[in-house]
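Dear colleague,

Please find the structure below, together with its sequence. My notes on what was found follow directly after it.

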Amino acid sequence: MKDMNVLDKILENKRDEIKRRKSLVPSLLLQNSPNYSRKKYSLKDSLTVSSCGIIAEFKRKSPSRGFIQEKASADVVIPSYVRAGAAACSVLTDTSFFGGSCDDLMMARECADIPLLRKDFIIDSYQVEEAAAWGADAILLIAAALEYGCCRELVACAHELGLEVLLEVHGSTELDYLFSGVDVVGVNNRDLGSFVTDVNISFELAREIPEDFVKISESGITSMQVVKELRKVGYNGFLIGERFMKEADPAVALGEFLRDEN
């Protein structure tokens with residue numbers, strides 16, 4: 001049997017985690033959450049009208065770097081990101097590999113009036129229900145982690161709950177996953193198998209993604225100059241996490257990043 005790469009290990013752990021969570025918190029309890037049926041903010045609309053298009057990420061840890069900012073608190077960082085001018089925020093909810101939790105997303109919802117993305121390895125409709133219950137406005141679906149049919153089912157489930165979908169691709173072969181139900185396309189510059197990052201992936205795929213999709217670039221964006229170059233080839237948004245979270249005050253780092261635009 002071949003050795004498992006990073007993504008394989010994450011998905012194996014995620015399947016076990018979902019079984020445990022389903023036994024502890026039935027769907028009915030999720031559906032009774034005050035957030036479950038709330039009117040959602042539109043990630044797609046926010047990126048379309050935003051002057052910066054920055055999706056600022058709350059991220060404590062990564063499989064490749066370990067802890068980035070272990071003691072960071074969502075109820076401090078997220079409202080600061082909002083004040084600094086983020087178009088939306090991404091909140092990691094995976095615990096084992098990224099140090100996140102449902103509490104981070106729920107705290108973020110309490111103090112943010114902009115779209116929140118639940119960023120996780122979503123492979124089951126139960127996780128979509130969780131996202132709605134915890135206060136997300138959009139979910140991340142990763143083409144590399146899903147069969148095509150399952151991806152379409154999860155998109156439909158998200159839309160039934162008023163959630164938008166950010167579909168993440170990494171290579172040309174995954175562009176087959178794009179269909180009209182996808183709200184935003186994200187090009188991940190990081191290979192989830194090896195965790196090697198190359199921002200050139202976004203430039204290479206830009207011309208292959210149909211123009212009618214709102215598209216964002218994710219991972220490895222370290223300067224406003226790169227953002228400007230990506231805008232020229234059609235990107236509306238830019239998901240940035242480690243670039244801000246590695247600083248003592250992530251929101252100050254975001255503010256300084258945005259000032260470089262002038």
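Eight strands close into a barrel, in the order E1-E4-E5-E6-E7-E8-E9-E10, and their pairing is parallel. On average, neighbouring strands of this sheet are turned by 25 degrees against each other, direction ignored. Please bear in mind that this is a predicted model.

Strand E1 covers residues 54-58 and strand E10 covers residues 237-240; the two pair in the parallel sense over three bridges. Within this pairing, Ile 55 has Leu 239 in E10 as its bridge partner.

Helices pack on the sheet as well. Helix H4 (residues 74-84) touches E1 and strand E4 (88-92), and its direction makes about 170 degrees with that of E1. Helix H6 (residues 125-134) also packs on the sheet, where it touches strand E5 (116-119) and strand E6 (138-142). The direction of H6 makes about 145 degrees with that of E5.

I turn now to the aromatic side chains. A pair of aromatic rings is described by the distance of the centres and the angle of the planes. The count comes to four aromatic pairs. One of them is formed by Tyr 148 and Tyr 177, with 5.6 Å from centre to centre and 80 degrees between the planes. Because planes over 60 degrees apart count as edge-to-face, this pair is edge-to-face. Tyr 148 belongs to helix H7 (residues 148-160), whereas Tyr 177 lies in the loop between strand E7 (164-169) and strand E8 (184-188), so the pair ties together parts that are 29 residues apart in sequence.

Are these two residues buried or exposed? Tyr 148 has a relative accessible area of 33% and is therefore partly exposed. Tyr 177, at 13%, is buried, because buried means under 20% relative accessible area.

Elsewhere, Tyr 81, Phe 244 and Phe 257 form one aromatic cluster.

Charged side chains also meet aromatic rings. The charged end of Lys 61 sits over the ring of Phe 67, 5.1 Å from the ring centre. Likewise, Lys 215 lies over the face of Tyr 235, at 5.7 Å from the centre of that ring.

Finally, I would draw your attention to Arg 15, which is found in helix H1 (residues 6-24). Arg 15 counts as partly exposed, at 46% relative accessibility. Arg 15 and Phe 121 are 106 residues apart in sequence, and their C-alpha atoms are 9.8 Å apart in space.

Yours sincerely

Methods. Residues numbered from 1 in each chain as written. Predicted model: local features only at pLDDT ≥ 70, side-chain atom pairs only at ≥ 80, totals over all residues. Heavy atoms only, no water. Pairing = 2+ DSSP bridges. Helix = DSSP H or I, 4+ residues; strand = E, 2+ residues; numbered from the N terminus. Axes fitted to C-alpha atoms, helices over the stretch in contact; angles between N-to-C directions. Contact = heavy atoms within 4.5 Å. Phe/Tyr/Trp six-rings, centres within 6.5 Å; stacked < 30°, edge-to-face > 60°. Buried < 20%, exposed > 50% of the residue type's maximum accessible area, 1.4 Å probe, protein only. Lys NZ or Arg CZ within 6 Å of the ring centre and 35° of its normal.
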